[in-house]
Every structure is written in structure tokens, then in C-alpha cells.
Amino acid sequence: MKIALLGFGTVGSHFYELAREQDAVTVAAVLSRRPRPELSCTVTSDFDEIVRDPEIDTVVEAIGGLEPAFSYVAAALRAGKNVVTANKQLMCAHYDELLELAHEHDACLRCTAAAGGGIPWLTSLARTAEMDEVSAVEGILNGTTNYILNAMTEDGLGYAEALEKAQELGLAEKDPTADVEGLDTRRKLVLSANLAFGVSLREEDVPCIGITQIGKREVRLAKARGLTFKLVGRAERVNGKISAYVCPTLYPDSAPEAHMTGAENLISLYSERIGKQSFTGEGAGGFPTASNVLADCLAIARGGCSAYYTDKHAPCELDNSAAEAEWLMRTDAAILSGRKPTAEQFASYESYKASDSNVPLLARLAGGAKW
Ligand code: HSE
């Protein structure tokens, strides 16, 4: 397999290093804005050179963001080249279009590293969805918020201090919005739900609450009840409707989710005949993420890969009305808890948000947690 690697940041450089150990793949070209004399392959800043090169059969996109990543990936697929990416933002925003391009041009498109970092989550999910009916996917899908919430719970830090520490460690970005507001979790959830249920959800339809309303006081109150905050995405099929949302979630100390430290992820799927399967590991970082990118390349090189993990991607209206959960909501006036339909709970959160002087806190109680 002859690969062109687009981008040489954290994921790209770690991928380059890992690929050198494999006989089945060769990085023949790197797309980089600046010269990289240390690399022993072609380095170019001209993508057209790559897309026109008949020797290149696979493009690894490690640029991130929407543009120029989308234009490059679409052009590579149109040229019949396989594409491997870790870019969840790109995959979510252009899901149908990219799957169709891969089908149309007889190319393979893989993005295992886009959800779960180094965990073979999407491939395992696809394997199960092929033979069993998946009823739900749920988990801690973001390493940065797991680190922040863990530092608040275990070290007693406030939100701002914990975020600063995550930034110092290079986990959180200078602008941490995508992580702390739950957007990164939502993208990974949408990719997971699409695969699990053979649908195509719109990212912006999925209600999403991040962790910025969780302070020292909330963590202390939760801890006193033996509960731990995590940011969790959940999608399920209820009465034929697909429900999905991202929000802070409280787990009892007995739940494995409560014990995830650092940038770890823990993601579970529930299916009719197999039951529950859980996957845990490093959800972020150069080598874990690059390993999943490499695994996708090796799978394609071995042959027998279909265009995407699934060919089902029916357009789907998200509907949270049939799903129910145990909820906890702190408003200006009270702390309310109880079992409620999910759509109703999010609507009530939005109305308190519009009328209260403080932004309310909404959290799901999971794993048998009681307030
Ligand atoms: N910002 C992401 C996280 C990186 O913290 O999980 C991996 O997708």
C-alpha cells in the first residue's frame, strides 16, 4: 500500500513513525506546508500532485477540521483512492456525502480513530451491528473532560484550575470549547449511533450539555452521596425511534465509569443477543490515535474491506420523546430528581436556562445512582 499522509501534526507524525515499522504499508508522500528534510519520502505542499499520482492508493488525512480536509478527502475518493482519517468533525458534517463517494468510486473509507482514540470501538461496534440488533451505545468519549472531572473529584480542584492543568499537559486546547461544551463527545456519539443503527443523524439535532456548570460545590455534594460526574453521550433505539444526547452523568462508585482516570474512555454497547460489551483505553494521544489509523490502513491493505463499515445510512429524525432516564436538575430554586422522558427533561432544562439567573445543571443518574 502506498500512502500519502496529509498533515504532520501529532497524529500525522506518530502515524509516520508507526508506519515505518510495517512492511505492508509505505508512506510515499507527506503533504506539509513547510519543508521537512528529515523525512525520507516526497514532501509537497501541493495536494494536486498527490491526487494525480497513480502510485498513491491510500490517503491518510491528519489535518483535522473541515477545510481543506473535506475538499482533499472528497477529491481523493473521487480519484478512487482509499481514505483513512481520525477526523470526527469532518466525518460527522459530511457523513452521507463521503460514504456515497466511497461507494461510487469503489474506494474504502475508514475512521476508527475518530471515536475512542486507540480503542477499536467503531470496528467492534460494526462487527456487532452486522450480526445483532444494537439497542444502545453509551460512554465516556472525551479524554479531556474525563481528566478535568477526575482532577475536580480526586484532587479537589475547581473547574478553572482543572482546565488549566489539562491545558498545561497538552490535553485541552487553548480554546477548549469543543471538549468542555460536549461537541467532541457529540461527534463521536453521532458516528457511533450512525453505525449502530444504520442511520445518518445530524450533529446539531442532538441536545448537548457540557461540563462548565459543574463546580466544586456540585462535585462535593455528589461525592458526599458516593457519586462521580462524567461527561457521557448516550444513543438508543426506543420503539423504533432513535434517541441521542450528551450531558453530565452521575455514576455510583460501584460503576466502572466512576474509575476512569486521565484521558481514558469507557464506551459500552448493548445488543439483543450478546448483551453488554464495554471497551476502555486511551481515548486521545499521538500513539493511541495513530495506532487505530494504522490498523485501518493494514485492514485495507489486507483486502476485503467494503466501502465503509456499513452501507446503511438512512436519513433519520432524532426523537428523544420515547426515551426515559433518571434525572437530576439544579435550578435557582431547588434540586429536582426523578424519572422523566428525555425530551421533556431537556425542554424543561432549556426553559429554566432562559428564565433562571444562573444556568441550571442537568445530569443523568446512571448505573443505579440515586440522589
Ligand atoms: N479532544 C479529544 C479528547 C481528543 O480529549 O478526547 C481525542 O479525540
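In which element is the place of A126? A126 sits in helix 6, where helices are DSSP runs of H or I of at least four residues, numbered from the N terminus. The model is a predicted one, in which local features need pLDDT of at least 70 and side-chain atom pairs count only at pLDDT 80 or more, while totals for chains, interfaces and linings use all residues. Residues are numbered from 1 along each chain as its sequence is written, and side-chain values use heavy atoms, with hydrogens and water left out.

**A126**

- With a relative accessible area of 13%, A126 is buried, a term that stands for under 20% relative accessible area with a 1.4 Å probe and protein chains only.
- Leaving aside neighbours within four places in sequence, A126 is in contact (heavy atoms within 4.5 Å) with L195 and Y309.
- A distance of 9.7 Å separates the C-alpha atoms of A126 and G198, which are 72 residues apart along the chain.

**The second largest pocket**

- This pocket holds about 440 Å³ of space; a pocket is an open set of points on a 1 Å grid over the protein atoms alone, where a 1.4 Å probe fits, with protein on both sides within 12 Å along at least five of seven lines, and its lining residues have an atom within 4 Å of a point.
- Its volume is the space filled by probe spheres set on the points, which are joined across faces, edges and corners.
- Of its 21 lining residues, A126, A129, E130, Y309 and T310 lie nearest the centre, and helix 6 gives the largest share of the lining, 5 residues.
- The lining divides into 9 nonpolar, 5 polar and 7 charged residues, with Ala, Val, Leu, Ile, Met, Phe, Trp, Tyr, Cys and Pro counted as nonpolar, Asp, Glu, Lys and Arg as charged, and the others, Gly among them, as polar.

**The largest pocket**

- The largest pocket has a volume of about 1400 Å³, and among its 47 lining residues V11, I63, G64, K88 and E173 are the closest to its centre.
- Because domain 1 (2-110) and domain 2 (135-282 + 316-365) both give residues to the lining, the largest pocket lies between them; the domain bounds come from an automatic or database domain assignment.

**The largest nonpolar core**

- The largest nonpolar core has 84 residues, of which W121 and I148 touch the most other members; such a core is a set of buried Ala, Val, Leu, Ile, Met, Phe, Trp, Tyr and Cys residues joined through side-chain atoms within 4.5 Å.
- Helix 10 gives the most to this core, with 7 residues.

Notes
Helix = DSSP H or I, 4+ residues; strand = E, 2+ residues; numbered from the N terminus. Buried < 20%, exposed > 50% of the residue type's maximum accessible area, 1.4 Å probe, protein only.
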